[in-house]
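This report is written for a reader meeting the structure for the first time. Please keep the sequence and the three-dimensional view at hand while reading.

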Amino acid sequence: MPVYEFRCGNCGERVEMLVRSFEEQEFPCPFCKGNSLKRVMSAFAYHRSEGDRLAGLDTHRPHDADYYRDDRNIGLWAKKRMKELGFDPGKEFDGVIEKTREKVADELGG
Ligand SMILES: [Zn+2]
């Protein structure tokens with residue numbers, strides 16, 4: 001289950017929560033009880049954990065839709081596969097992945 005970071009638009013507090021799906025983001029802020037929590041794309045958390053995600057990713061097994069609901073997983077498969085084949089995807093590919101993740105997050109209402 002992915003951990004997402006939220007920021008309250010009401011009191012400005014940051015909250016980290018386990019979220020099963022994008023539909024379950026409707027919960028009140030634990031600090032002010034307001035309903036203004038917005039998901040934050042945490043660049044720091046993402047960069048810290050991508051190595052672990054890559055290491056734990058089996059490119060020979062298919063992943064179900066739930067796996068890709070965590071938009072940080074999008075592009076990891078392609079990236080790892082390229083590295084396995086001895087090809088360095090480079091910084092440009094990171095940019096492509098980033099755009100794809102943003103697009104998916106938009107479409108899912110994230
Ligand atoms: Zn709040």
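Leu-18 lies in strand β2, where strands (E, at least two residues) and helices (H or I, at least four) are DSSP runs numbered from the N terminus. With a relative accessible area of 56%, Leu-18 is exposed; the term exposed stands for over 50% relative accessible area, buried for under 20%, and partly exposed for values in between (1.4 Å probe, protein chains only). Leu-18 and Tyr-4 are 14 residues apart in sequence, and their C-alpha atoms are 6.3 Å apart in space.

The model is predicted: local features need pLDDT of at least 70 and side-chain atom pairs count only at pLDDT 80 or more, whereas totals for chains, interfaces and linings use all residues. Residues are numbered from 1 along each chain as its sequence is written, and side-chain values use heavy atoms, with hydrogens and water left out.

**Overall architecture**

The chain has three strands and four helices. Read from the N terminus, the elements follow the order β-β-β-α-α-α-α. The chain has 110 residues, of which 35% count as buried. Its accessible surface comes to about 7400 Å², and carbon and sulfur atoms hold 53% of that area; such areas come from the Shrake-Rupley method with a 1.4 Å probe, and for residues only the protein chains shown count as cover. Among contacts (heavy atoms within 4.5 Å) between residues at least 6 apart in sequence, 41% join residues at least 24 apart.

Cys-11 is partly exposed at 38% relative accessibility, whereas Cys-29 is buried at 0%. Cys-8 is also buried, at 2%. A search of the whole structure finds zero disulfides, a disulfide being a pair of cysteine sulfur atoms within 2.5 Å.

**The nonpolar core**

Seven residues form the largest nonpolar core: Tyr-4, Phe-6, Cys-8, Val-15, Phe-27, Cys-29 and Leu-37. A core of this kind is a set of buried Ala, Val, Leu, Ile, Met, Phe, Trp, Tyr and Cys residues joined through side-chain atoms within 4.5 Å. Strand β1 supplies the largest share of this core, three residues. In soluble globular proteins, nonpolar side chains tend to be buried together. Apart from neighbours within four places in sequence, Val-15 is in contact with Tyr-4, Glu-5, Phe-6, Pro-30, Phe-31 and Leu-37.

**Individual residues**

Lys-33 is placed in the loop between β2 and β3. Its phi is near 65°, a positive value in a residue other than glycine. With a relative accessible area of 58%, Lys-33 is exposed.

Where are Arg-39, Arg-72 and Asp-94 placed? Arg-39 belongs to strand β3 and is buried, at 16% relative accessibility. Arg-72 is found in the loop between α2 (65-69) and α3 (76-84), and its relative accessibility of 15% counts as buried. Asp-94 has its place in helix α4 (residues 90-107) and is partly exposed at 25%.

| Pair | Separation in sequence | C-alpha distance |
|---|---|---|
| Arg-39 and Tyr-4 | 35 residues | 6.9 Å |
| Arg-72 and Glu-102 | 30 residues | 9.8 Å |
| Asp-94 and Gly-75 | 19 residues | 8.5 Å |
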